[in-house]
Amino acid sequence: MPRTERGVKRKRDTNDKTAKTSNTSQTNTEQKATSCYSHWLMKSEPDSRFEKGVDVKFGIEDLKACENQTACWDGVRNYQARNFMRDDMRLGQKMFFYHSNTKIPGIAGICEIVKESYPDHTQFDPKDIHYDSSAKKGSPKWFMVDVKFERMLKRFIPLSELKQMYLEQKDSGGPLSKIALFTKARLSVQPITTEEWDFILNLEDEDPKS
């Protein structure tokens, strides 16, 4: 990763032991061949918060300020989230940039995956807040992708609006009835189905629900 590109510093996910166990059930090649995901939602914190003396803030405006509006999505320390990036993300796929751990969380914009998975350098750096002493350069444990800013949404879509729709649809089988944002809420990297993606995109042209 060129040093001119800025990495994403964010709160660590909680490790998922189930995902860790299933991690070795397929080779990377097999997993990439069978992946059915094509869109993503990825969370990062837009407000300053210090962890071990380091500000983990990285919102969509920070991404826009990076060289080529591109950054590596480093620091993910949850096995399932790691597996999504390592095994399923493809060049050219789109993601929602989601602002988390802030007064009004929600979806701010759209980015593109511009580099597929490669080892997360922060796992090897003892001075980095995401350092993992068990990770070895010859056998890296954590991976990341590069993302590039594409555009802001026409309007910010808050979590509260999405939750209201999820609650209305979860029993009737609507487009957001199984969205990972609420069924796997703790994950910072989440798959989005094409139906969910299209439904959420349509919301930017609608007046927000009261």
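**Confidence, sheet and helix packing**

Analyst: Over residues 14-34 the pLDDT stays under 50, and the model has 31 contacts there beyond four places in sequence. pLDDT is the predictor's confidence in each residue, from 0 to 100, and contact means heavy atoms within 4.5 Å. This is a predicted model, in which local features need pLDDT of at least 70, side-chain atom pairs count only at pLDDT 80 or more, and totals for chains, interfaces and linings use all residues. Residues are numbered from 1 along each chain as its sequence is written, and side-chain values use heavy atoms, with hydrogens and water left out.

User: What is the mean pLDDT of the chain?

Analyst: The mean is 87, and 83% of the residues reach 70 or more.

User: What is the strand order of the open sheet?

Analyst: Strands are DSSP runs of E, at least two residues, and helices are runs of H or I, at least four, numbered from the N terminus. Two strands pair if DSSP finds at least two bridges between them. Here six strands follow the order β4-β7-β6-β5-β1-β8, with mixed pairing. The edge strands, β4 (70-72) and β8 (189-192), each pair on one side only.

User: How should I read the packing of two helices?

Analyst: Two packed helices are described by the angle between their axes and the distance between the axes. The axes of α5 (residues 159-169) and α7 (residues 194-203) come within 12 Å and cross at roughly 130°. Axes are lines fitted to C-alpha atoms, for helices over the stretch in contact, with angles from 0 to 180 degrees between N-to-C directions.

User: Which residues meet in this contact?

Analyst: E161, L162, M165 and Q169 in α5 meet F199, I200 and L203 in α7.
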